[in-house]
Protein chains: 2
Amino acid sequence: MVRQARSEATRRKIIDSAVDLINEIGYPAAGLGDIIERAELTKGALYYHFDSKEALATAIIEEGSETLLEAFRAAGRASSPAMENILHGSFVVTDVLASDRVARAGARLLRTFGAFNPAAKRTVEILVNELVERIKTATAEGDLRPTLDAETAGASILAGMLGSELLSSTLAEGSDLRARFARTWELLLPAIIADESLNYYREFLARQATRPTSPG
Amino acid sequence: MVRQARSEATRRKIIDSAVDLINEIGYPAAGLGDIIERAELTKGALYYHFDSKEALATAIIEEGSETLLEAFRAAGRASSPAMENILHGSFVVTDVLASDRVARAGARLLRTFGAFNPAAKRTVEILVNELVERIKTATAEGDLRPTLDAETAGASILAGMLGSELLSSTLAEGSDLRARFARTWELLLPAIIADESLNYYREFLARQATRPTSPG
């Protein structure tokens, strides 16, 4: 048991060191040697847990994606309209990206690997399906335009979120992600929300958008 | 002159081999050793031209971005409304990404590096500015909603394009990028186009969207 706990602590140290380096200098520049040095461990300890740099990346993608997905799902309430849960959940995602460094590194790795890492690809598939299902519910609840295609809207919303993460991270070190999401939603709302729900969701968005991001 | 031409041919061979590997297995997995082997060159020849893997990535980002930007700019005609040029230009970008492997690898590297590579960051800045300027012109021409903020619209449109590239590349090996752009534009048009121009641009989009992508 003691040995297992120590082994788990070592694994954690490796992941945390890799995460910090990925967030500070990017995945391509973060060498295994730098990660070992930061973690104050030996090459052997690292290779005991991860047989390659990509195996380490996969672990970060899996942990980061789980954190993001859990936060997005927990933001929803069964009693709330699905469209409220989508909107609120998207801002919760910006908070998690600002405050959780594993989630932030995971998001970077998603766009670094895309199809070339099975965990990254699976995460993107889950995100698309999650959004499409919620949009179908929101359509059934009458909040969305009846002509709206759920697959189109889900893919376009996710594209906007992923692209905003890249822009915010590239141009503002991630600091303006909440504001970027708010502006994209402002643009999208009249395109997707049914006329009779539009005023309500504009007010709902305004309340969400001005809420400050949790401290990171 | 002969020596210079041979040197340029070697540089080209290195870039082309790196580009192919990046498109086949992704940048992280493409080692310098694999690139040398594919190019049938020595380590010395590679290091004569590029002092690191990232220097090679920078050259690909620069060349790919120039190809994309030139194609986007050439797609515009001074005599056409700015909004037509934006729409048409965006589909030309999907064609270039499908047919030009350096541009395709460059786009992958943009999202791999983000802020961590100056050429990637500069390209993203140029893309934002280019779109914002055109949107200002389109607004002055009366085609866009007068309340539309050019910076917001430019950033949101670019986010949608970058995110669609990631989704298409991850989920469909890039084969459905034109269709994804078309669906996102369909969603965005009523949000950004002035009521009196909306029917015209819906027809313009329909014509653009059904045009087949050039063979790759």
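This is a predicted model: local features need pLDDT of at least 70, side-chain atom pairs count only at pLDDT 80 or more; totals for chains, interfaces and linings use all residues.
Which residue forms a salt bridge with A:D16, and how far apart are the closest N and O atoms?

**Figure 1. The salt bridges of A:D16.** A:D16 forms a salt bridge with A:R12, and the closest N and O atoms of this pair are 3.0 Å apart. Both residues belong to helix α1 (residues 2-25) of chain A, where they stand four residues apart, so about one helical turn separates A:D16 from A:R12. The side chain of A:D16 also meets that of A:R101 in a salt bridge, with an N to O distance of 3.7 Å. Side chains of opposite charge can pair when their charged atoms come close. Over all chains, the structure holds 28 salt bridges.

**Figure 2. The fold of chain A.** Chain A contains 10 helices and zero strands. Read from the N terminus, the order of its elements is therefore α-α-α-α-α-α-α-α-α-α. Along the principal axes, the C-alpha atoms of chain A fill a box of roughly 60 × 30 × 30 Å.

**Figure 3. The two domains of chain A and their contact.** The domain assignment of chain A gives domain 1, covering residues 1-51, and domain 2, covering residues 61-210. Eight residues from domain 1 of chain A and nine residues from domain 2 of chain A take part in the contact. The C-alpha centres of the two domains of chain A lie 31 Å apart. Between them, domain 1 and domain 2 of chain A bury about 780 Å², of which 55% is on carbon and sulfur atoms.

**Figure 4. Polar and charged pairs between the domains of chain A.** Three salt bridges are counted between domain 1 of chain A and domain 2 of chain A. The side of domain 1 of chain A that touches domain 2 of chain A has four nonpolar residues, one polar residue and three charged residues. Five residue pairs in polar contact, with both residues at pLDDT 80 or more, are also counted between these domains.

**Figure 5. The relation between chain A and chain B.**

**Figure 6. The interface of chain B and chain A.** The size of an interface is often given as the accessible area lost when the parts come together. Chain B and chain A bury about 3300 Å² between them, with 76% of this area on carbon and sulfur atoms. B:F116, B:T170 and B:L187 supply 20% of the area that chain B buries against chain A, more than any other three residues. In the contact, 42 residues of chain B meet 42 residues of chain A.

**Figure 7. The side of chain B that touches chain A.** Zero salt bridges are counted between chain B and chain A, while three residue pairs in polar contact, both residues at pLDDT 80 or more, are found across their interface. In chain B, the helices α1 (2-25), α6 (101-113), α7 (118-140), α8 (150-172) and α9 (177-192) each supply at least two residues of the side that touches chain A. The most is given by α8(B), with 15 residues. By class, this side of chain B has 23 nonpolar, 12 polar and seven charged residues.

Key
Residues are numbered from 1 along each chain as its sequence is written. Chains are lettered from A and ligands numbered from 1 in the order in which they are written. Side-chain values use heavy atoms; hydrogens and water are left out. Domain bounds come from an automatic or database domain assignment. Contact means heavy atoms within 4.5 Å. Buried area is the accessible area (1.4 Å probe) that two parts lose on being put together, summed over both. A salt bridge is a side-chain nitrogen of Lys or Arg within 4 Å of a carboxyl oxygen of Asp or Glu. A polar contact is a pair of N or O atoms within 3.5 Å; within protein, one must be able to donate a hydrogen and the other to accept it, and residues adjacent in sequence count only if both atoms are side-chain atoms. Ala, Val, Leu, Ile, Met, Phe, Trp, Tyr, Cys and Pro count as nonpolar, Asp, Glu, Lys and Arg as charged, and the others, Gly among them, as polar.
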